[in-house]
Structure formats: structure tokens, C-alpha cells
Amino acid sequence: MADSSILTRKYGYRRRMPHYQKPGRPVFVTFCKLIRDPFPDAARDLILAHCIHGHGKRIDLQAAVVMPDHVHLLLTPLPDNQGWPHPLPFILKLIKGMSARSVNKLQGTSGPVWQEESFDHVLRCDGSFQEKLEYIRQNPVRKGLVAKAEDYPWLWLAP
């Protein structure tokens, strides 16, 4: 019993760790659907619109793809009024919160849509940026959803 409470405390601590941010550096982010059944097309339309919404305001969005049960983003948080980058947890809370409300409204459901945690990785070099950009582009092709990345309707790349 004691071992279980130690693991719970350790895991709880890890979940509250701050997201690492470096001003001006792009971040690769993945977040997943709580229940792994695929989103309908109309829900993916809404989710992509919410991902793009903050572009030029809180984030410089370089790429986004909404897969049937997860989302990948490549973004750089923009500075706020004080010159600090918008915090990644705030950015993700907006995207996930607004998209969850829209998806629930569309489907006539309520409750959480996304897993609480997300995976984020600060990119430290241009090679990593190009690698993650290509990963996002090719994700629908690798999953067998389309033959060419450009044919996937829920892929957005910055002009």
C-alpha cells in the first residue's frame, strides 16, 4: 500500500511540472482524444479552425494536422504585451477548451474531449524543425488516409 501512494505522489508531481519554453523557439505539440474512436469530418473541421484561430495573435503557427484521434501542431508562441512568450499551457487550454466545446455542441454531448496531458518538445535547431514539419505533413500518408499529403483536408501549412 505504501508503494502505491509513493507512485501516486510521484506521478502527481510529474503532471504539474511546468512546460519548458524558450522565447522565439518553435514547439512541436501533440494532444490526443480522450476516447480513441475517430472524430467525424465535421468535428475535424472545427478543431482545425480552432488550431488556426490564434495564428498571428498568440502563436505563429507553422503547421497543424488533425488526425482521427489526435492533433499535431508546430508553433512558436508570440510575445505578450510585456514581451514574454504566451505560456504554452495557456495556448493549449484555449485550443483544447474551445475545440472541445465546439465538438460537444456538434455531437450533442458534454464533458472532456481531450486527454489532460499533451506532449510538447522545444525544437533547438533548424534540422529538428524541418523534421517535425515533414512528420506533420506525412502523418496522414503514413496512416494510409491519403496518397499525397496535400490531399488531406485537415492539414494546414503556413504559407
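Start with helices α2 (41-53) and α3 (88-107): each supplies at least two residues of the lining of the largest cavity. Helices here are DSSP runs of H or I with at least four residues, strands are E runs of at least two, and both are numbered from the N terminus. The model is predicted, so local features need pLDDT of at least 70 and side-chain atom pairs count only at pLDDT 80 or more, while totals for chains, interfaces and linings use all residues. Residues are numbered from 1 along each chain as its sequence is written, and side-chain values use heavy atoms, leaving out hydrogens and water.

**The cavity**

Select H50, C51, G54, R58, I59, I91, L94 and I95, which line the largest cavity. Its volume is about 50 Å³. A cavity is a set of points on a 1 Å grid over the protein atoms alone where a 1.4 Å probe fits but cannot get out; a pocket is an open set with protein on both sides within 12 Å along at least five of seven lines; lining residues have an atom within 4 Å of a point. Volume is the space filled by probe spheres set on the points, which are joined across faces, edges and corners. Helix α3 gives the most to this lining, with three residues. Now pick C51. C51 is buried, at 1% relative accessible area. Buried means under 20%, exposed over 50%, and partly exposed in between (1.4 Å probe, protein chains only).

**The second largest pocket**

Move to K33, I35, Q107, P112 and V113. These lie nearest the centre of the second largest pocket, among its 15 lining residues. The volume of this pocket is about 180 Å³.

**Aromatic pairs**

There are five aromatic pairs. Rings of Phe, Tyr and Trp (its six-membered ring) pair if their centres lie within 6.5 Å; planes under 30 degrees apart are stacked, over 60 edge-to-face, the rest tilted. Select F28 and F119: an edge-to-face pair, 6.4 Å centre to centre, with 75° between the planes. F28 sits in strand β1 (residues 27-32) and F119 in strand β4 (residues 119-122), 91 residues apart. F28 is buried at 4%; F119 is partly exposed at 48%. Next, F31 and W114: ring centres 4.8 Å apart and planes at 85°, so this pair is edge-to-face.

**Last stop: N139**

N139 lies in helix α4 (residues 126-142). N139 is buried, at 1% relative accessibility. Beyond neighbours within four places in sequence, N139 contacts M67, H70 and H72, where contact means heavy atoms within 4.5 Å.
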